[in-house]
Amino acid sequence: MPRSPSSPAFWRSPLRGPWFTSVLGVVLLVGITVLFVTGLVSYAAYNPDLSPVNDQTPDKGLLGFYLFSWPTHPSWLYRLTQGVHVTLGIVLIPVLLAKLWSVVPKLFALPPARSLAHALERLSLLLLVGGGLFEFTTGVLNVQLDYIFPGSFYPLHFYGAWVFFAAFLAHAVLKMPLALRNLRHLRDETPAEASAETPVETPFEDGELVSPNPAEPTVSRRGALGVVGGGSLLLLATTAGRSFDGPLRETAVLAPHGGPEPGGGPGGFQINKTAAYAGISPTETGEEAWRLVVTGRAGRSVRLGRPQLLQLALHSSALPIACVEGWSTSDQWWRGVRLRDLAALVGHDDPVDVLVESLQRHGAFRRAALRANQVADSRSLLALFVNGEDLTPDHGYPARVIVPAAPGVLNTKWVARMTFGDL
């Protein structure tokens with residue numbers, strides 16, 4: 001038996017072949033394209049070109065060419081796009097692993113390059129494998145809130161996505177003609193030809209992956225695809241529910257923030273950070289100590305305690321909270337002062353951008369900037385109440401921002417200062 005991975009006979013699985021690899025490749029072509037697009041959309045939702053405060057990737061350069069003002073309609077927009085991004089990424093893990101397993105002999109094939117086209121294919125394959133493992137691993141760790149990798153998740157995942165997708169696109173262009181030819185054979189194959197018992201494909205020295213000395217089969221190729229698809233469906237069924245309301249939420253047994261809501265009332269929905277975790281002391285949020293500083297045109301400034309805020313016109317909005325980890329809450333009933341009314345207090349009759357600062361002293365999003373269109377929306381509030389009661393400390397007491405369709409981290413809790421003006 002050959003002992004070198006560079007030998008075709010070293011890899012003896014009868015499942016490997018261009019048909020099996022092509023089916024997985026087409027699934028990934030569609031799935032990863034959707035992942036990439038929804039990831040770019042998620043990045044735009046943070047409004048990174050609005051203010052350095054929001055920009056977690058300051059050296060992006062031309063990679064930010066597409067950025068646009070994130071809309072506030074519909075209110076569930078970010079809940080949808082980020083839910084699709086994270087759920088699809090988890091669902092594709094079995095497909096990605098099966099695809100990597102199916103092409104692993106090519107990583108060891110010799111000579112390293114037989115032609116310029118072959119060299120480009122090998123390079124794209126190395127970048128594809130490394131980039132894919134990096135993106136999926138960091139994505140899953142972020143969903144789990146396990147930041148064990150060096151540096152910030154945002155630039156790592158953002159730059160990694162561009163490298164990965166560029167390699168993925170190059171590889172797809174190089175291999176798509178072959179993949180389509182292989183898939184055309186699917187219509188003409190008999191069950192025997194589609195099984196691992198009759199490997200009719202050529203060895204991978206000639207560009208394919210079939211072993212010249214296959215082991216005895218234990219499952220057909222279609223059966224192996226069924227196992228991969230079953231794994232993806234299982235992950236879908238046990239994670240997707242955290243982006244929905246009602247009974248579906250209880251099916252998300254394998255996802256953080258899955259299962260039923262914590263209960264009802266002002267604390268009856270999920271959070272990422274508690275007041276204790278953020279270092280928020282009751283002494284600084286009490287009615288005697290806490291004041292909201294609002295600054296606007298020509299340095300005009302007002303200081304408002306909760307009693308003064310309660311004397312202003314109060315409005316209500318039913319809005320969800322959706323986070324980058326893919327989870328979201330159902331609509332909660334918020335009540336407070338409209339952001340555009342606070343802007344008017346300091347001389348801005350027309351809505352403008354706003355910088356919101358929290359009592360929280362550490363963390364990437366203790367400050368966040370919102371666009372003028374977000375301030376202008378009548379549903380955008382400095383919330384004082386939720387679900388008919390005062391905010392709880394963990395949900396942002398004494399005041400928090402709530403904006404339709406904005407990522408959860410931009411809905412700043414424990415607000416201390418708001419500065420209106422062009423940012």
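Proline 398 sits in the loop between β8 (389-390) and β9 (400-402). In this predicted model, a cis peptide bond joins tyrosine 397 to proline 398, with omega about 15°. The protein has 12 helices and 10 strands. Of its 423 residues, 52% are buried. Its C-alpha atoms fill a box of roughly 80 × 45 × 35 Å along the principal axes.

**Backbone features in loops**

- A cis peptide bond also runs from histidine 73 to proline 74, where omega is near -10°.
- Proline 74 belongs to the loop between α1 and α2.
- Leucine 145 is not a glycine, yet its phi is positive, at about 60°.
- This leucine 145 lies in the loop between α4 and α5.
- Leucine 145 has a relative accessible area of 35%, so it is partly exposed.
- Histidine 257 is another residue other than glycine with a positive phi, near 65°.
- The loop between α7 (221-239) and α8 holds histidine 257.
- Histidine 257 counts as buried because its relative accessibility is 17%, and the cut-off for buried is under 20%.
- Asparagine 47, which follows α1, has a positive phi near 50°.

**Helix α1**

- α1 has 28 residues.
- From first C-alpha to last, α1 reaches 40 Å, close to the 40 Å expected at 1.5 Å a residue.
- Of the 28 residues of α1, 20 are buried, so the helix is largely enclosed by the rest of the structure.
- α1 (18-45) is also among the elements that give two or more residues to the lining of the largest cavity.

**The five-stranded sheet**

- Five strands make an open sheet, ordered β2-β1-β10-β5-β6.
- The pairing in this sheet is mixed.
- β2 (301-304) and β6 are the edge strands.
- Each edge strand has a single partner, so one side of each is left without a neighbour in the sheet.
- From one strand to the next, the twist averages 15°.

- Strand β5 covers residues 354-358.
- Four of the five residues of β5 are buried, so the strand is largely enclosed by the rest of the structure.
- β5 pairs with β6 (residues 367-370) in the antiparallel sense, over four bridges.
- Valine 354 has leucine 370 in β6 as its bridge partner.
- β5 also pairs with β10 (residues 415-420), again antiparallel, over five bridges.
- Valine 356 stands opposite methionine 418 of β10.
- Serine 358 has valine 415 in β10 as its bridge partner.

**Cavities**

- The structure contains four cavities of 30 Å³ or more.
- The largest cavity holds about 570 Å³ of space.
- Its lining has 28 residues, and those closest to the centre are Gly39, His85, Glu135, Phe153 and His157.
- Two or more lining residues come from each of α1 (18-45), α2 (77-91), α4 (116-143) and α5 (153-184).
- α5 gives the most to this lining, with eight residues.
- By class, the lining of the largest cavity has 19 nonpolar, eight polar and one charged residues.

**Largest pocket**

- The largest pocket holds about 840 Å³ of space.
- Its lining has 38 residues.
- Nearest the centre of this pocket are Asn272, Lys273, Glu325, Phe365 and Val409.
- α5 and α8 (275-278) each supply at least two residues of the lining.
- By class, the lining of the largest pocket has 19 nonpolar, 14 polar and five charged residues.

**Second largest pocket**

- The second largest pocket holds about 240 Å³ of space.
- Its lining consists of Ser75, Trp76, Arg79, Leu80, Gly83, Val84, Thr87, Ala240, Ser243, Phe244 and Asp331.
- By class, the lining of the second largest pocket has five nonpolar, four polar and two charged residues.

Conventions
Residues are numbered from 1 along each chain as its sequence is written. This is a predicted model: local features need pLDDT of at least 70, side-chain atom pairs count only at pLDDT 80 or more; totals for chains, interfaces and linings use all residues. Side-chain values use heavy atoms; hydrogens and water are left out. Buried means under 20% relative accessible area, exposed over 50%, partly exposed in between (1.4 Å probe, protein chains only). Two strands pair if DSSP finds at least two bridges between them. On a 1 Å grid over the protein atoms alone, a cavity is a set of points where a 1.4 Å probe fits but cannot get out, and a pocket is an open set with protein on both sides within 12 Å along at least five of seven lines; lining residues have an atom within 4 Å of a point. Grid points are joined across faces, edges and corners, and a volume is the space filled by probe spheres set on the points. Ala, Val, Leu, Ile, Met, Phe, Trp, Tyr, Cys and Pro count as nonpolar, Asp, Glu, Lys and Arg as charged, and the others, Gly among them, as polar. Axes are lines fitted to C-alpha atoms, for helices over the stretch in contact, and angles run from 0 to 180 degrees between N-to-C directions. The expected span of a helix is 1.5 Å times one less than its number of residues.
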